[in-house]
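Please open the structure in your viewer and keep the selection tool at hand. The tour below moves from one selection to the next and says what is found at each stop.

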Amino acid sequence: MEEQYISKLHPVVDYGAGVFLLIIAILTILGNSAVLATAVKRSSLLKSPELLTVNLAVADIGMALSMYPLAIASAWNHAWLGGDASCVYYALMGFLFGVCSMMTLCAMAVIRFLVTNSSKSNSNKITKNTVCILIAFIWLYSLLWAILPLVGWGYYGPEPFGISCTIAWSKFHNSSNGFSFILSMFLLCTVLPALTIVACYLGIAWKVHKAYQEIQNIDRIPNAAKLEKKLTLMAVLISVAFLSSWTPYAAASFWSIFNSSDSLQPVVTLLPCLFAKSSTAYNPLIYYVFSKTFRCEVRKLRCCCGWRVHYFSSDNSAENAVSTWWSGRDNVRLSAAAKAESPGAAAP
């Protein structure tokens with residue numbers, strides 16, 4: 001089996017893939033570390049569901065630290081390093097953190113939908129303990145799926161291009177046991193969470209749209225409605241970025257189930273894999289664009305590192321307004337607190 005760990009790509013392509021992963025790893029670690037640092041600094045202001053954002057950052061950093069160094073070294077070595085043991089480790093880590101990210105996004109969408117369509121008293125029932133229990137369940141669920149191939153249901157193996165490892169899709173072609181694993185995993189870890197995310201955000205978008213129309217008709221605080229729409233858009237973009245990154249990889253993987261692994265050129269199987277791994281770097285960029293709080297905290301971190309950065313201080317009310325993207329109906333219906341904001345404070 002060792003010959004399968006030799007790169008099937010041109011050395012220049014291997015080197016380029018390694019450079020790309022190195023850039024993604026740096027962006028992922030720096031960006032998500034800033035997210036975690038901001039969360040720690042503002043821990044007393046974080047609403048309980050925002051812990052899911054922290055969990056997403058932890059999963060992204062975990063993937064970057066546990067997987068990318070080995071992938072980069074293998075790409076520059078033009079062959080996979082470590083043989084079967086490191087291949088299983090790499091594939092398991094990828095599966096664990098991938099499922100964890102997907103289920104975290106699904107939980108974020110569901111909670112966002114629930115609090116948007118609930119009264120303030122009901123939305124307040126989502127406590128930090130509740131979210132911590134949910135996060136623990138997400139990790140246990142992800143770990144369960146990750147270890148199933150180790151106990152005989154499913155397989156781990158090298159990618160067709162030879163310098164990465166994942167679920168051994170091509171082995172499932174003539175295996176009923178493997179095919180049942182793929183079908184179950186695809187439904188419970190991909191299709192159902194993706195459909196749930198889409199359904200929840202469509203429901204939120206409709207709710208926000210109706211509320212915005214009502215605000216326009218009665219001329220009440222348009223800035224607050226713009227804030228809610230912007231925060232909802234941020235949440236949608238996080239999910240869209242993840243799903244878009246992994247969809248080409250899922251398509252290529254399913255192609256290899258029903259066709260020979262040689263039916264696609266190695267570089268064709270490489271590109272979706274690299275695109276999927278880039279998903280870990282997107283979220284901090286989205287936060288930076290949409291959240292004034294995060295921008296200010298990043299600038300403060302840069303100043304702490306000795307970089308001279310000039311910026312205008314922001315009002316605490318603006319920071320609180322941005323952190324209320326989980327606050328549900330109060331945002332949609334423009335609570336008394338939103339009415340009390342200054343005209344420029346609502347927009348992040």
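Predicted model: local features only at pLDDT ≥ 70, side-chain atom pairs only at ≥ 80, totals over all residues.

Begin with the aromatic rings, of which a search of the whole structure finds 12 pairs. Select Phe97 and Trp139, whose ring centres lie 5.9 Å apart with their planes at 90°, so this pair is edge-to-face. The two residues bring together distant parts of the chain, since Phe97 belongs to helix α4 (residues 83-116) and Trp139 to helix α6 (residues 128-147), 42 residues apart. Colour them by accessibility if you wish: Phe97 counts as buried at 10% relative accessibility, whereas Trp139 is partly exposed, with a relative accessible area of 22%.

Next select Trp246 and Tyr249, another edge-to-face aromatic pair, with 5.7 Å from centre to centre and 85° between the planes. Both sit in helix α8 (residues 222-258), and because they are 3 residues apart there, about one helical turn separates them. Trp246 is partly exposed, at 23% relative accessible area, while Tyr249 is buried, at 9%.

Now select Phe95, Phe137, Tyr141, Trp145, Trp153 and Phe181 together, which form one aromatic cluster.

For the last stop, go to Ser278, which is placed in the loop between α9 (266-277) and α10 (282-290). Is Ser278 buried or exposed? Its relative accessibility is 2%, so Ser278 counts as buried. If you leave aside residues up to four places away in sequence, the residues that Ser278 touches are Phe20, Ile24 and Ser245.

Notes. Residues numbered from 1 in each chain as written. Heavy atoms only, no water. Helix = DSSP H or I, 4+ residues; strand = E, 2+ residues; numbered from the N terminus. Buried < 20%, exposed > 50% of the residue type's maximum accessible area, 1.4 Å probe, protein only. Contact = heavy atoms within 4.5 Å. Phe/Tyr/Trp six-rings, centres within 6.5 Å; stacked < 30°, edge-to-face > 60°.
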